[in-house]
Amino acid sequence: MKTAIDLGTSDTKIYTLGAGIVLNEPSVVALDTAGGRVKAIGLEAKKLIGKTAENTKTVFPVFEGEVVNEKLAARMLGGFLAKVGYRQSFSSEAMVAVPCGADTALLKKLENTLEACGVDHAYLIETPVAAAIGSGIPLSEYSPCFVIDMGGGVTDIAALSLDGIIAGVSVGLGGKNTDAALIDFIADSCNLQIGLQTAERVKVQIGSLFENDTLGAVVNGRDLSNGRPRSVELRARDVIEPVKKYYDKIFEIAGSVLSKLPPEVSAEIRHKGIYVSGGAAALAGLESYYKAKFNMNVIIAENPAMSTVSGLGSLLGTPELAAKLALNAD
Ligand SMILES: Nc1ncnc2c1ncn2[C@@H]1O[C@H](COP(=O)(O)OP(=O)(O)OP(=O)(O)O)[C@@H](O)[C@H]1O
Ligand SMILES: [Mg+2]
């Protein structure tokens, strides 16, 4: 069975040849604290975050793009693969995404996790390469492009061609930083403590980089003075400052990658524009915000969270190209 796996910090996406994207679930495991028994994975486990009693805990086995708990990552991925009917066979192959420039320790942990799930022949493809292919950017060996993949815990920034990465970085920042900034901001300005899930919901519902966006939401939490449940109504423009932080930081880092490129590569990128993918690229107003900041054309992928897994999926059809682009854990 030929499979593509994007084991993301926030969500795991799986693609199978012939069927396309067959799974997209949170990368979360719910555990029994006493016996360590797995109670739920994926969507069911995410529903429990922040709401469980002492005998259940929820764990994210992938942090900033790196497998931090091999055993739980394997339980989770194994469960997802079983759900999509994965069967190991003589001709099974998998394309798997890794952060740009990942070191051998990270690759080894990922390979161990894959092996524990019965995937023993994996091509490890750097996220920006997969995202570029999945976003449908016209590519060749001599035609470079510039990609920013904004995930939940990692942002990959790279200039690349079908020959590989020309220059790139992977930073441990992503949509989770916006959630954290919203928690701090709402605590300071409204004296209201909100949970991670609520923060993410606020970001998705009303987060916006359009100045004066008036979309509103009711936000529920716990009053920081008396501890009682309380709600506030917030508008998009009220939270633009905390929402901007992560996007501004990535703009700065991307600027420094751009400034070190060889002149011919720069010229081509200037002509093509900047391609942005990853779930955090779905934020309202990002395209016009970045167009103005970069002073260049900016193209946001159509279904940005799925770019990487789609690119991995199309590499299943071109094994020679995949072999050329793949990193090796040994
Ligand atoms: N409409 C939206 N606006 C802003 N952020 C969003 C939106 N929809 C999803 N996100 C954010 O996108 C992030 C998940 O994106 P993605 O699926 O690309 O990450 P991942 O692949 O799991 O993580 P990583 O690549 O960092 O390991 C989460 O932080 C989520 O809150
Ligand atoms: Mg990702």
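**Exercise 1. Which helices each supply at least two residues of the shell around ligand 1?**

Start with the helices: α5 and α6 (196–206) each supply at least two residues of this shell. Helices here are DSSP runs of H or I with at least four residues, numbered from the N terminus.

A word on the model: it is predicted, so local features need pLDDT of at least 70 and side-chain atom pairs count only at pLDDT 80 or more, while totals for chains, interfaces and linings use all residues. Residues are numbered from 1 along each chain as its sequence is written, and chains are lettered from A and ligands numbered from 1 in the order in which they are written.

**Exercise 2. How many residues surround ligand 1, and which are the closest?**

Count first: 23 residues surround ligand 1 (C-beta atom, placed from the backbone, within 6 Å). The closest are G8, T9, G151, G175 and G279. Then sort the shell by class: six nonpolar, 12 polar and five charged, with Gly counted as polar.

**Exercise 3. At what angle do α5 and α7 pack?**

Helix α5 (residues 175–190) and helix α7 (residues 240–259) pack at about 150°, with axes 8 Å apart. Angles over 145 degrees count as roughly antiparallel, so α5 and α7 are roughly antiparallel to each other. Finally, find the contacts (C-beta atoms, placed from the backbone, within 7 Å): N177, T178, A181, L182 and F185 in α5 meet E241, P242, V243, K245 and Y246 in α7. By class, this contact has six nonpolar, two polar and two charged residues.

Technical notes. Axes are lines fitted to C-alpha atoms, for helices over the stretch in contact, and angles run from 0 to 180 degrees between N-to-C directions. Angles under 35 degrees count as roughly parallel, over 145 as roughly antiparallel, 65 to 115 as roughly perpendicular and the rest as oblique. Two residues are in contact if their C-beta atoms, placed from the backbone, lie within 7 Å.
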